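Hi everyone, thanks for making time. Let me put the structure up, and then I'll walk you through a few spots in it.

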Amino acid sequence: MTSKVPKYEIVKNYILSQVQTGIYQPHQMIESEAELSDHLSVSRITVRRGIEELVNEKILSKKKGVGTFVNPLPKFFGFKAGIGFSSEVKSRGMEPSTKLLNLEKVKANETQAKDMKIPVGGEMWLVERIRYADEVAVSYEIEYFDVQIVKELNTEICEKSIYEYLSEQGIEYEFVDQKISATLANSRMGDFLNVEEGAPLIDTKIIACLENGKPFNIGYALYQTESFYLMHTVYK
């Protein structure tokens, strides 16, 4: 299967590079949709999608009848815990990569079935991965996807961005429930994340749901804190 970057990601990456290099300054109005469409050789619908993504990520803001403006960057930079690892890494000006450890179909136990809202024994995809930013291990992940919603996964998809692939298939999350706690690295996690045994890790669990409230993804991740930190920016 051939995978290609969605065209709206071209728009996002262009705007992010302009922000990161200082060409776009905080509070500056960026080019119009028509200008970006001509410059990047994509449709205005594609430009609009890319801009909407960055508005949702709080990089840009729109003023009706005026234009689109660059938001001031957060004081502290780090990784936001949760979904969208690849886009989060790219937004920090780094290159994401993935090592796939395991991909298989499994049957849901009682706890998983309750979280996913499927029968006990219902089939799920299990995806086990290590995620990297500029070739430095950042997180270890185990994720489950409802096979009735996510019908196909393969090595190529899982070694890139599953959520970008799902977006291409028209599968989008509406909201995510997230739990964050702390733990210590065991020897296996130390090897995976290149940290000492006993090093502090941030432990997250997410349940991503469709617009109708049906969960389709349960994810567990351990983030190392020696090279990177997680942040949570609160907007009013």
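By buried I mean under 20% relative accessible area, by exposed over 50%, and by partly exposed anything in between, with a 1.4 Å probe and protein chains only.

Some ground rules before we go on. This is a predicted model, so local features need pLDDT of at least 70 and side-chain atom pairs count only at pLDDT 80 or more, while totals for chains, interfaces and linings use all residues. Residues are numbered from 1 along each chain as its sequence is written, and side-chain values use heavy atoms, with hydrogens and water left out.

Now, the rings. Phe, Tyr and Trp rings (the six-membered one for Trp) pair up if their centres lie within 6.5 Å; planes under 30 degrees apart are stacked, over 60 edge-to-face, and the rest tilted. That rule gives four aromatic pairs. One of them joins tyrosine 140 and phenylalanine 192: the pair is stacked, because the ring centres are 5.4 Å apart and the planes are at 15 degrees. Tyrosine 140 is in strand E5 (residues 136-146) and phenylalanine 192 in helix H8 (residues 187-193), so this pair ties together parts 52 residues apart in sequence. The helices (H or I, at least four residues) and strands (E, at least two) are DSSP runs, numbered from the N terminus.

Next come tyrosine 163 and phenylalanine 216, with centres 6.1 Å apart and planes at 50 degrees, so that pair is tilted. Tyrosine 163 belongs to helix H7 and phenylalanine 216 to strand E8 (residues 215-224), so here the linked parts are 53 residues apart in sequence. Both residues are buried, and together with Tyr173 they form one aromatic cluster.

Staying in H7, we also find glutamate 164. Glutamate 164 counts as buried because its relative accessibility is 13%. Leaving out residues up to four places away in sequence, glutamate 164 touches Pro6, Glu9 and Lys90, where a contact means heavy atoms within 4.5 Å.

Glu9 takes us to helix H1, where it is among the buried residues, along with Tyr8, Val11 and Lys12. H1 covers residues 7-20, 14 residues in total, and reaches 20 Å from its first C-alpha to its last, close to the 20 Å expected. That expected span is 1.5 Å times one less than the number of residues. What covers the buried residues of H1? Helix H2 (33-40), helix H3 (44-56), strand E1 (60-63) and helix H7 (162-168) are among the elements that do. Just after H1, glycine 22 has a positive phi of about 85 degrees.

Last stop, the loops. Asparagine 194, between H8 and strand E7 (200-209), has a positive phi near 55 degrees without being a glycine. Asparagine 194 counts as exposed because its relative accessibility is 68%. That's my tour, so over to you.
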